[in-house]
Amino acid sequence: MMYWDGGGWAWMTFMPLLWILLIGLVVWTVVRLTQSSSSRDVDADRRRTPEETPEEILDRRFASGEIDAATYTEARRKLADHRPRSR
């Protein structure tokens with residue numbers, strides 16, 4: 001009688017490699033998706049909100065009615081006093 005196991009030794013070698021490959025693929029996919037989505041959010045925020053100068057913020061707040069004229073004038077004066085001098 002012949003001992004033929006139907007290639008069982010090949011499956012014993014192949015299955016651990018298949019699982020390692022599958023787990024590695026899942027980990028790579030999760031890392032790739034989380035990195036790309038977070039970097040896209042940061043890039044979108046940079047493009048969406050350009051930096052405003054303090055004067056622009058003050059003008060916007062005065063125009064929207066958040067501050068009154070006296071506060072606006074005083075803040076503009078303080079900003080002008082603390083503005084670095086160009087050489």
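Entry 1: I began with Asp81 and Arg77, whose side chains meet in a salt bridge with an N to O distance of 3.0 Å. The model is a predicted one, and I read the distances here as computed values. Both Asp81 and Arg77 belong to helix α3, where four residues, about one turn of the helix, separate them. I noted a relative accessible area of 46% for Asp81; the residue is therefore partly exposed, since that class lies between 20% and 50%.

I next looked up the other partner of Arg77. Arg77 also forms a salt bridge with Glu74, and here the closest N and O atoms are 2.5 Å apart. This pair, too, lies in helix α3, at a spacing of three residues, about one turn of the helix. Arg77 has 43% relative accessibility and counts as partly exposed. Glu74, at 33%, is likewise partly exposed. I recorded Glu74, Arg77 and Asp81 as one network, joined by salt bridges that share partners.

Entry 2: Which residue forms a salt bridge with Asp59? I found Arg76, with the closest N and O atoms 3.6 Å apart. This pair links distant parts of the chain, as Asp59 sits in helix α2 and Arg76 in helix α3, 17 residues apart. Asp59 counts as partly exposed at 30% relative accessibility, and for Arg76 I noted 30% and partly exposed as well. In total, I count five salt bridges in the structure.

**Entry 3: packing of α2 and α3.** I then turned to the two helices themselves. Helix α2 spans residues 54-64 and helix α3 residues 69-82; their axes come within 10 Å and cross at roughly 175°. Angles over 145 degrees count as roughly antiparallel, so α2 and α3 are roughly antiparallel to each other. From α2, the contact is made by Pro54, Glu55, Leu58, Asp59 and Phe62. From α3, Ala69, Tyr72, Ala75, Arg76 and Leu79 take part. I sorted the residues of this contact into seven nonpolar, three charged and no polar. Asp59 and Arg76, the salt-bridged pair of the previous entry, are both among the contact residues.

**Entry 4: the chain as a whole.** The secondary structure amounts to three helices and zero strands, in the order α-α-α along the sequence. How much of the chain is buried? Of its 87 residues, 5% are buried.

Note on methods. Residues numbered from 1 in each chain as written. Predicted model: local features only at pLDDT ≥ 70, side-chain atom pairs only at ≥ 80, totals over all residues. Heavy atoms only, no water. Buried < 20%, exposed > 50% of the residue type's maximum accessible area, 1.4 Å probe, protein only. Axes fitted to C-alpha atoms, helices over the stretch in contact; angles between N-to-C directions. Parallel < 35°, antiparallel > 145°, perpendicular 65-115°, else oblique. Contact = heavy atoms within 4.5 Å. Nonpolar A, V, L, I, M, F, W, Y, C, P; charged D, E, K, R; others polar. Salt bridge = Lys/Arg side-chain N within 4 Å of Asp/Glu carboxyl O.
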